Amino acid sequence: MSVTILGIESSCDDTSAAVITDGLLRSNVIASQKVHEAYGGVVPELASRAHQQNIVPVVSEALRQAGVDRTELSAIAFTRGPGLLGSLLVGTSFAKGMALGLDIPLVEVNHLHAHVLSHFIKRNEDDEQPEFPFMCLLISGGNSQILIVRSPYDMEIVGSTIDDAAGEAFDKCAKAMGLPYPGGPHIDRLAAEGDAKAFRFSKPHIPGFDYSFSGLKTSFLYTLRDGLKENPRFIDDHRADLAASLQRTIIEILLDKVEKALAKHPVGHLAIGGGVSANSGVRAAVDAFCRRKGIRAWIPERAFTTDNAAMVAAAGYFKYLDKDYCDLALPPFARVTV
Ligand code: KG4
């Protein structure tokens with residue numbers, strides 16, 4: 001009998017639903033919330049309300065695109081956390097209600113594990129997948145981590161940020177340049193036209209495999225402040241060079257720790273995931289780094305880098321096959337517990 005999983009994602013500001021049948025993706029619908037743009041960041045209460053408006057149409061559309069009737073579902077997988085509690089509550093409550101109504105199992109998914117397991121979303125039977133154990137560089141708006149992934153359930157965090165995440169570094173520096181939120185994609189676009197060696201920003205000296213991005217942000221702000229003192233049009237005159245230099249520095253910080261972590265944990269495969277893995281510079285640098293090291297690079301499709309339910313359904317599929325179901329009383333969790 002075939003297995004069909006409905007995945008539901010609502011951890012931050014994207015409402016998403018996806019359907020996977022026997023491991024193959026059949027639909028992945030994402031409603032991104034535009035309401036936050038005016039505020040320069042995600043407003044939790046508005047995110048929660050937008051999820052409430054979006055969840056029913058998004059789930060209906062995912063089922064329609066997949067050509068699946070809800071009575072054909074084997075289980076519902078949902079993001080339990082980490083994320084914004086008000087946002088998570090919407091997806092969690094909806095998943096519970098639907099599973100209860102259909103009398104099918106419920107599977108909880110850790111959002112960060114789902115980003116790692118996005119490499120197991122299959123569009124075709126012969127799509128390749130990373131081999132365990134592999135290293136994953138997970139870089140998003142809320143996290144920057146290096147993980148050793150031994151199985152779909154066994155992931156060890158060997159390094160993580162002690163302050164800002166890589167995505168925050170992109171977003172906060174972009175905001176200082178007057179770019180809209182989220183700034184990461186704007187920096188990416190501008191960087192393509194700039195000189196990556198035009199400016200030098202300070203890099204952290206943190207022991208081990210942990211990251212820090214707050215010093216870089218301060219160094220970037222000082223460069224803007226000093227430049228504006230000399231030239232009120234400093235940002236306009238150097239927009240692309242500032243973006244390219246910032247992006248180069250973030251990439252160097254990220255890959256420096258990956259290289260050190262690989263020396264301690266030698267593996268043959270390196271994957272990246274999370275919103276920042278959509279960055280063109282990061283993708284090219286990881287590809288070049290892996291060629292140099294003679295290891296295999298796993299770079300996700302851009303659609304699977306930001307929050308999406310396809311990765312939740314893929315993670316849920318592994319758990320469903322293991323009969324790793326959860327209780328209807330299970331609450332969502334806001335903070336990282338992996
Ligand atoms: O994984 P994600 O969608 O969710 C959160 O963790 O919130 O990541 C969002 C982050 C934001 O910081 C955004 O600026 C960044 O990913 N991002 C990018 C790019 N696309 C998204 N950063 C740099 N370059 C991009 N192309």
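Which domains give residues to the shell around the ligand, and where does the ligand lie relative to them?

Modeller: Bear in mind that this is a predicted model. Residues of the shell come from both domain 1 (4-126 + 304-321) and domain 2 (134-267), so the ligand lies between them. It also sits in the largest pocket. The shell around the ligand is made of 18 residues, of which Gly-141, Asp-171, Asp-188, Gly-275 and Asn-279 are the closest. Sorted by class, the shell has 10 polar, five nonpolar and three charged residues. Two helices each supply at least two residues of this shell: helix 4 (166-176) and helix 5 (184-191).

As for individual polar atom pairs, a nitrogen atom of the ligand lies 2.8 Å from a polar side-chain atom of Asp-188. In the side chain of Asn-279, an N or O atom is 3.0 Å from a nitrogen atom of the ligand. For Gly-184 the backbone is involved: one of its polar backbone atoms is 3.2 Å from an oxygen atom of the ligand. The ligand taken alone exposes 560 Å², and the protein buries 86% of that.

The backbone between the two helices deserves a note. The loop between helix 4 and helix 5 contains Pro-182, and the peptide bond from Tyr-181 to Pro-182 is cis, with omega near -10°. Another cis peptide bond runs from Phe-132 to Pro-133, with omega near -10°. Pro-133 belongs to the loop between helix 3 (111-116) and strand 6 (134-139).

Key
Residues numbered from 1 in each chain as written. Predicted model: local features only at pLDDT ≥ 70, side-chain atom pairs only at ≥ 80, totals over all residues. Heavy atoms only, no water. Near = heavy atom within 4 Å. Polar contact = N/O pair within 3.5 Å; in protein donor to acceptor, adjacent residues only side chain to side chain. Areas by Shrake-Rupley, 256 points an atom, 1.4 Å probe, with all protein chains shown as cover. 1 Å grid on protein atoms, 1.4 Å probe; cavity = no way out; pocket = protein on both sides within 12 Å on 5 of 7 lines; lining within 4 Å. Sits in = over half its atoms within 2 Å of the grid points. Helix = DSSP H or I, 4+ residues; strand = E, 2+ residues; numbered from the N terminus. Nonpolar A, V, L, I, M, F, W, Y, C, P; charged D, E, K, R; others polar. Domains from an automatic or database assignment.
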